[in-house]
Each structure stands twice: as C-alpha cells, then as structure tokens.
Amino acid sequence: MKFIIKLIRNLLGGLIALADLLTRGSKLKRTPEQQQAINTAAQGLSLYQFFACPFCIKTRRAIYKLNVPIEMRNASEGSPHRQELKDGGGKVKVPCLRIEQDGQVQWMYESSEIIRYLEQRFS
Ligand SMILES: N[C@@H](CCC(=O)N[C@@H](CS)C(=O)NCC(=O)O)C(=O)O
C-alpha cells in the first residue's frame, strides 16, 4: 500500500514537473555584467530538493524565472545529500535552501520563505 501511494505521488509529481517545463516562459534578462554578479552570488546557494515534490517544483520555477544558477542537490533516499541536509538543517524536509554568505551558513526551509528571500535578493 505504501508503495502504491509513493508511486501515485511520484507520477503526479512527474506530471506537475512536465507541466512546469512546458509553461515556464522566459527568464529574467540582465546585462552580461549584471548576470555575472548574480552568478557569483549564487555560488553560495544550493537547493536540497526532490524532483517530483510540488513545493520543490514551485521553488525551481521561481529560480528559473529569476535566472539564478543555484546548484540543485537531490535529497531523496540513497543520496549523500540527504544526510548533509539532516545534519546541517536538522531535518529531512524539502525544499531547503542552504545559504553560505560571509563565512556563515543558514538553512532555510519553507518554499514560500525561500521564494520571498530569492525575489528580494535577485529580482
Ligand atoms: N510547507 C512546506 C512543505 C514541504 C513538504 O511537505 N515537503 C515534503 C516533500 S513534498 C517533504 O519534505 N517531506 C519529507 C519527506 O518526504 O521525507 C513547503 O512549502 O516547503
């Protein structure tokens, strides 16, 4: 039963991910210099996520639109990133944005909070 629920959840998530890919639209455009500064700032960011999680899809969509090259780290079972997330952030819940800035590391959970943070910093 658990297996079937997981399968249905992944199938639905896959469909949402596909719909997202087909309807993403355009990325934010910047001058090459502005984009270079954004690319540099994004080096301190990584998103722990699952491919088919709707909250992760929503967050990836915002990241795509903001045109910020954030490293995606798959935190599903069997991935080494899962333990990093648990050890660093305190729980396995995705999406989680790891923010490394000025020698400090912050782990931000909650898709809405992550999107708000990214929009404030990059739009
Ligand atoms: N309110 C949270 C919900 C996040 C959430 O429920 N994520 C699920 C995956 S879709 C999760 O991490 N569950 C823990 C697990 O599957 O181990 C958000 O908007 O980010």
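Helix α1, which covers residues 2-23, gives the largest share of the lining of the largest pocket, namely four residues, where helices (H or I, at least four residues) and strands (E, at least two) are DSSP runs numbered from the N terminus. Before I go on, please keep in mind that this is a predicted model, in which local features need pLDDT of at least 70 and side-chain atom pairs count only at pLDDT 80 or more, while totals for chains, interfaces and linings use all residues. Residues are numbered from 1 along each chain as its sequence is written, and side-chain values use heavy atoms, with hydrogens and water left out.

Back to the pocket, whose volume is about 440 Å³. A pocket here is an open set of points on a 1 Å grid over the protein atoms alone, where a 1.4 Å probe fits, with protein on both sides within 12 Å along at least five of seven lines, and lining residues have an atom within 4 Å of a point; the volume is the space filled by probe spheres set on the points, which are joined across faces, edges and corners. Among the lining residues are Lys6, Arg9, Asn10, Phe50, Cys53 and Arg82, and by class the lining has five nonpolar, three polar and four charged residues.

Let me turn to the ligand. Its surroundings include Phe50, Cys53, Arg82, Val94, Pro95, Glu110 and Ser111, a residue being near if one of its heavy atoms lies within 4 Å. The side chain of serine 111 places an N or O atom 2.6 Å from a ligand oxygen, the side chain of glutamate 110 has one 2.8 Å from a ligand nitrogen, and a backbone N or O atom of valine 94 is 2.9 Å from a ligand oxygen. Taken alone, the ligand exposes 520 Å², of which the protein buries 70%, with areas from the Shrake-Rupley method and a 1.4 Å probe.

Valine 94 is also joined to proline 95 by a cis peptide bond, with omega about 0°, and proline 95 sits in the loop between α4 (80-89) and β3 (96-101). Another loop, between α3 (54-66) and β2 (71-74), holds asparagine 67, which has a positive phi of about 60° although it is not a glycine.

As for the whole protein, it has five helices and four strands, following the pattern α-α-β-α-β-α-β-β-α along the sequence.

Key: Polar contact = N/O pair within 3.5 Å; in protein donor to acceptor, adjacent residues only side chain to side chain. Nonpolar A, V, L, I, M, F, W, Y, C, P; charged D, E, K, R; others polar.
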